[in-house]
Amino acid sequence: MTLKVYETEQDAWTVLRIHGELDLVSSPVVRQSVHGAVAAGQHHVVLDLSGVLFCDSSGVNVLIASRRLMKSCGGRLRLILPARGAVDGSHVNKVLGALGVRRLFDVYPDADAATDDRSQPLTA
């Protein structure tokens, strides 16, 4: 399965909707998309991972690197991780939790909540 990234703007946020498998082969696409947004001057990025059905350690590494990049430029990174079953995209949530890094991220249920500065992130 190939990975696809769709970029949209929502308020002051760049939303990158990711669909497919986030693994060793495809994770550079996500890294490049985040770097491209920062290079274009966007410092508020949402990664919508609700369409990701599989994530390995390479995918987790690119999420952590994206968080580090956003912090280094004074920006913010938010993730969308639905609380449904693995088929609907929560596989990433399970992987992050199992590795003990879920707490590093501000997670929201959807793009509207993730781009609203009044919304509170979901608890880990």
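Residues 85-89 hold pLDDT under 50, and the model gives this stretch 12 contacts beyond four places in sequence. The model is a predicted one. Elsewhere the overall score reads as follows: the mean pLDDT of the protein chain is 90, and 93% of its residues reach 70 or more. Any contact drawn from residues 85-89 therefore rests on positions with pLDDT under 50, where pLDDT is the predictor's confidence in each residue.

**Overall fold**

The protein chain contains 4 helices and 5 strands. Their order along the sequence is β-β-α-β-α-β-α-β-α. The radius of gyration is 13 Å, close to the 14 Å from the globule rule for 124 residues, so the chain is as compact as a globular protein of that length. The C-alpha trace spans about 30 × 30 × 25 Å along its principal axes.

| Quantity for the protein chain | Value |
|---|---|
| Buried share of the 124 residues | 46% |
| Share of contacts (separation of 6 or more) made by residues 24 or more positions apart | 67% |
| Accessible surface | about 6300 Å² |
| Share of accessible surface belonging to carbon and sulfur atoms | 52% |

**Helix α3**

Helix α3 covers residues 91-99. Which of its residues are buried? They are His-91, Val-92, Val-95 and Leu-96. These residues cover an arc of only 130 degrees around the axis, so they sit on the same side of α3. What do the buried residues of α3 pack against? Their partners are β3 (44-55), α2 (57-72) and β4 (76-80). The face turned away from this buried side carries Lys-94 and Ala-98, both exposed. Just after α3 comes Gly-100, with a positive phi of about 75 degrees.

**Ser-33 in helix α1**

Ser-33 lies in helix α1, which runs over residues 27-39. Is Ser-33 buried or exposed? Its relative accessibility is 18%, so Ser-33 counts as buried, the cut-off being under 20%. Which residues does Ser-33 touch, leaving aside neighbours within four places in sequence? Ser-33 is in contact with Val-5 and Leu-16.

**Summary**

Two local sites have been described. In α3, the buried residues share one side, and Lys-94 and Ala-98 are exposed on the face turned away from it.

Definitions and conventions:
Residues are numbered from 1 along each chain as its sequence is written. This is a predicted model: local features need pLDDT of at least 70, side-chain atom pairs count only at pLDDT 80 or more; totals for chains, interfaces and linings use all residues. Side-chain values use heavy atoms; hydrogens and water are left out. Helices (H or I, at least four residues) and strands (E, at least two) are DSSP runs, numbered from the N terminus. Buried means under 20% relative accessible area, exposed over 50%, partly exposed in between (1.4 Å probe, protein chains only). Contact means heavy atoms within 4.5 Å. The arc is that of the directions from the helix axis to the C-beta atoms. pLDDT is the predictor's confidence in each residue, from 0 to 100. The radius of gyration is taken over C-alpha atoms; the globule rule is 2.2 Å times the number of residues to the power 0.38. Accessible areas come from the Shrake-Rupley method with a 1.4 Å probe; for residues, only the protein chains shown count as cover.
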